[in-house]
Amino acid sequence: MATGRTHRPATRSRGIPEATVARLPLYLRALTALSERSVPTVSSEELAAAAGVNSAKLRKDFSYLGSYGTRGVGYDVEYLVYQISRELGLTQDWPVVIVGIGNLGAALANYGGFASRGFRVAALIDADPQMAGKPVAGIPVQHSDELEAIIRDNGVSIGVIATPAGAAQPVCDRLVAAGVTSILNFAPTVLTVPDGVDVRKVDLSIELQILAFHEQRKAGEESASGSAAPAAAEEPGAGQGPDGDVSAVMPA
């Protein structure tokens, strides 16, 4: 079976913009749901609504894939599922290691969506000797001393870091030195990696803070709309920095 080390997605070589690549999983999720309901075709408007984007942007994104749909019919759902899966590299096997098997790491190990999306959890790794050999999601945890050998023996190119912040950079350095070229980082810290290594950061606290901002803004708008007092005139430059820059925190 093909592994992630010998086969890479073609998106960069084909010149597909990163913003489009970031939306492809959204389209794939919506298309998969349609496929499971045996829906044969879908219009750009329907698919865009399901994916949470506008239809013009969707049509532009699909043009990079060479898919233009059929006027009056729309897009073939099954073909688009295959085409997007191929572009994302999901038609092959991607062995993944998860490092840090605390509550979050264990939850990731138990996530059932990996296998159906082209990812195979090859190993679970933790620095705690008492964790060694304990099964999590049916996979025995291995000690971090074996990390390099595990990556080599399984042809791993994708690593998931779910360690505490202080351990994340040393783990990252070892992963990269062992040949891992893509890292999904759940640790609450910024990782430094060399050129050629891709890092995607998932920070739940930041996402919650952004939601808190929107909740506060909505509460303020409701309070203002319910008040009889006239709104104060905004002074020129309000909400801007000394050089006219927009404040750092803006609605998404």
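How many bridges join strand β7 to strand β8, and do the two run parallel or antiparallel? There are four bridges, and the strands, residues 158–161 for β7 and 182–185 for β8, run parallel. Keep in mind as you look around that this is a predicted model.

To get from β7 to β8, the chain passes through helix α8, residues 165–178, and this β-α-β crossover is right-handed. Within the pairing, V160 sits opposite L184 of β8. On to the next strand: β8 also pairs in the parallel sense with β9, residues 198–201, again through four bridges.

R200 is a handy guide to the next stop, the largest pocket. Its volume is about 1800 Å³. It is lined by 40 residues, and R200 is among those closest to the centre, together with P25, L88, L90 and F119. Strands β7, β8 and β9 each give two or more residues to this lining, as do α1, α4, β3 and α6. Helix α1 gives the most, with nine residues. Sorted by class, the lining holds 22 nonpolar, eight polar and ten charged residues.

Now for the second largest pocket, with a volume of about 260 Å³. It has 21 lining residues, and G100, D126, A162, T163 and P164 are the closest to its centre. Helix α8, the one in the crossover, supplies at least two residues of this lining, and so do α5 and β4. The classes here come to 13 nonpolar, six polar and two charged.

Finally, have a look at the aromatic rings, where the count is three pairs. One of them is Y27 with F62, an edge-to-face pair whose centres are 5.0 Å apart and whose planes make an angle of 75 degrees. This pair links distant parts of the chain, with Y27 in helix α1 and F62 in helix α3, 35 residues apart. Y27 counts as buried because its relative accessible area, 0%, is under 20%. F62 is buried as well, at 0% relative accessibility. Y27 and F62 also belong to one aromatic cluster with Y75.

Another edge-to-face pair is Y111 with F114, at 5.1 Å centre to centre and 85 degrees between the planes. Are these two buried or partly exposed? Y111 has 43% relative accessibility, so it counts as partly exposed, a class that lies between 20% and 50%. F114, at 19%, counts as buried because the cut-off is under 20%.

Methods. Residues numbered from 1 in each chain as written. Predicted model: local features only at pLDDT ≥ 70, side-chain atom pairs only at ≥ 80, totals over all residues. Heavy atoms only, no water. Pairing = 2+ DSSP bridges. Right-handed = clockwise from strand over helix to strand, strands pointing away. 1 Å grid on protein atoms, 1.4 Å probe; cavity = no way out; pocket = protein on both sides within 12 Å on 5 of 7 lines; lining within 4 Å. Points joined across faces, edges and corners; volume = space filled by probe spheres on them. Nonpolar A, V, L, I, M, F, W, Y, C, P; charged D, E, K, R; others polar. Phe/Tyr/Trp six-rings, centres within 6.5 Å; stacked < 30°, edge-to-face > 60°. Buried < 20%, exposed > 50% of the residue type's maximum accessible area, 1.4 Å probe, protein only.
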